[in-house]
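Hi everyone, thanks for making time for this one. Let me put the model up on the screen, and then we can walk through it together.

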Amino acid sequence: MNKILFNQLLGEIKKNIHLLTDEEIMQLIESLPMELKLQPIKKNTKKYKIASRIDSKLFRERQLPKIYIDGLKNDDNALIGPIVVSIANIKNEYEQEFDQEIELSEYIKKILRSKDEVKLYRFLKFLEKNMDLTYCSIYMKLMGVILNKTNEVYLETLIKLIKESNKFLQEELESQKISYDSKIEQLNINFIKESKQKNDLISMLKEDCDEKKIENNKLKQELLNKTEEVSNLNGRNQSLTKEITILKEEKKEVQNLLSEREKQLRLTKEQLMGKIKEFNEQLKIQWEKDNEELLELTSNLESEKVELIYEIKQYNNKIEELRTEELRLKDKVDSYHQTINNFIENIDLKYLENHLTNYFISNNKPKSVGTIVMDNHEIYIKENYKEQEIAKCEDINHFVDNLYSNLQQSGVFESECENLSNYIISIIASGLTPLICSYRARNIATAISSAYSGESPYIITLPSGFNNPNLLIQKAKETTAKCILIEDVIGSMSESCLLPLLREFQYNDEGKIIILSSEQEDVCKYMPKYLLNYVSIMTVEMINIVRRPNYIFSNAVDSFREFEDIIGEVHASRELRKIIEGTELQRNYHQQRSEMLKYFSNLSDVNQAYKTFIKNEIKVLCSDTDFSEKVERNLMEKNFKFNFELIDVLRGA
């Protein structure tokens, strides 16, 4: 195949392959010969991250289809190549078989429009030589032939009739062949038997003749008698010859009978074609009826379209009015902010400090059980407990499955568990601290701790106004627990006092992880943006109430560390850069979220990674109207493959 034809077919298939459903893509992959599918994989095993042997059953049944599905969706030229070769072979066979001046796809459209059963039957018999007819509609889509519902039904019916006809003809021929072979074999056996008897008799007569010639003339009379016997035997020989002739005539009759059977088969075929033609006429009448209904529906849709355009114009006018009102209110809020800032700048801080000190001295209370007093602030601590029987996680996928089950037990909806478990693991692996903004956040933290280290979390609850980070670091280091939950941290203490704790445990050799929680999502919306360099927001909008959760307790510390090492060198994601372009988020935020998304992509696909990230974090930050407009505009203008899906997630669809 020349390079120009290959590139032409490659471009056409890239354009049409996105018309296929996931099920059709799987059927397309199954239709390709195994050796042809393996060629691009063998040439570049590093690119496709091949860990197992290519000739193994596990690789061919599980990994190979996933590699092809991801490659075809991402327009991988190497993986589309085998499909190009298959279609090119079909086109070459078509040019030799049909000798048509028009291109293959145009020829298919022409015979479908004309409803020519003979041409379509001949074309399908041609395709049957090159492929299983089950996949013909998929290859037609790749060649740009879009079948409507009527054509699909028509094509499926004709393929079914062809398969039934082939099966009937094959069975009939096999039956006739077995019958005729047995008859011919019996005739040959009889002929051989008669010939052998004749040859034995002739040889015996020759021996007698030789003996008589040696004898004396006295035996001439006897010789004459023997000669008469020989003439009699010759007569018998002639009768045997006649019988052989009769057998040949019977063989000819058998051959005539075979020709009659073939005529009957042709007649049956003609009757079958007549039935097909009758069915096509009925199908044509139904198609015309459906076409009239479709035209009527199209007319109704056109009228509805005009009404919708009018409504859109009205909504656009209303949007302009709202934007004007928004600008007016924004100016008003700015003036309020200026007034408040001026008021705050004029506050006498020393005066407030003296009054607060006098208040705390006058209201000092004794220590209570389960609390620690530090600088007149009490923190609540709940010790962790370790389960007796702890299962060991074999790999990161085992950890994901356990976390999935625990989240479901904690009340998270089953449809959210898979993406949420991948998101939690990706946050922790990238060195960020998860901030759970949800009702029953303690249950979610227990689900994480049980699957990670086989124990409940060490819980610290902060009072309002707490500002002693050294105490938090001390308690986190003293405990033997691997998972430490700090509740109500956002809004209870200064964000700058929280930074030493986050920096201390961002990467640690002991495998300890910090989890923050807040049951007030509004608090997270207004926290300083620099805190996002250490914290990643995780929201769970809907959660069930589970009275007695049955968590799985497992040890995944070692498996998690192995998973942390697989990412290698991190490069910023171009897609993420496009999403947050023009916003106030810092460069460090972009780099850290890129790393988190790459970990997520190792557990799932890129599409789900971006959806989950936007749903949990970007959506919370979009409470700021200006930020929300910038992100949505970026998704619309930067030409993402799945931008409309991400916009729906951002809007809460």
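Let's start with strand β7, where six of the six residues are buried, so β7 is largely enclosed by the rest of the structure. By buried I mean under 20% relative accessible area, while exposed is over 50% and partly exposed is in between, with a 1.4 Å probe and protein chains only. Helices (H or I, at least four residues) and strands (E, at least two) are DSSP runs, numbered from the N terminus.

Before I go further, a word on what we are looking at. This is a predicted model, in which local features need pLDDT of at least 70 and side-chain atom pairs count only at pLDDT 80 or more, while totals for chains, interfaces and linings use all residues. Residues are numbered from 1 along each chain as its sequence is written, and side-chain values use heavy atoms, with hydrogens and water left out.

Back to β7, then. In a regular strand the side chains alternate between the two faces of the sheet. Here Ile513, Ile515 and Ser517 sit on one side, Ile514, Leu516 and Ser518 sit on the other, and all of them are buried, which leaves both faces covered.

Now, which strands pair with β7? One is β6 (residues 483-487), which runs parallel to β7 over five bridges; two strands count as paired if DSSP finds at least two bridges between them. Within that pairing, Cys483 has Ile513 as its bridge partner in β7. Together, β6, α16 and β7 make a right-handed β-α-β unit. Right-handed here means that, with the strands pointing away from the viewer, the path from the first strand over the helix to the second runs clockwise.

Strand β4 is also joined to β7 (residues 513-518), by three bridges, and the two run parallel. Ile436 has Ser517 as its bridge partner in β7, and Cys437 has Ser518.

Moving on to a helix: α14 covers residues 441-453. From its first C-alpha to its last, this 13-residue helix reaches 18 Å, close to the 18 Å expected at 1.5 Å a residue; the expected span is 1.5 Å times one less than the number of residues. Twelve of the 13 residues of α14 are buried, so the helix is largely enclosed by the rest of the structure. Among the buried ones are Asn443, Ile444, Ile448 and Tyr452. After α14 comes Gly454, with a positive phi near 70 degrees.

Next, the charged pairs. A salt bridge here is a side-chain nitrogen of Lys or Arg within 4 Å of a carboxyl oxygen of Asp or Glu, and by this rule there are nine. Let me show you three of them.

Glu455 forms a salt bridge with Lys386, with the closest N and O atoms 3.7 Å apart. This pair links distant parts of the chain: Glu455 is in the loop between α14 and β5 (458-461), and Lys386 is in the loop between β2 (377-382) and β3 (391-392), 69 residues apart. With a relative accessible area of 2%, Glu455 is buried.

Glu504 forms a salt bridge with Lys477, where the closest N and O atoms are 2.8 Å apart. Glu504 lies in helix α16 (residues 495-504) and Lys477 in helix α15 (residues 469-478), so this pair ties together parts that are 27 residues apart in sequence. Glu504 is partly exposed at 35% relative accessible area, and Lys477 is partly exposed at 46%.

Lys512 is buried, at 6% relative accessible area, whereas Glu510 is partly exposed at 47%.

Last stop: Glu595, in helix α20 (residues 587-603). Is Glu595 buried or exposed? At 15% relative accessibility, Glu595 counts as buried. Glu595 and Gly431 are 164 residues apart in sequence, yet their C-alpha atoms are 9.3 Å apart in space.
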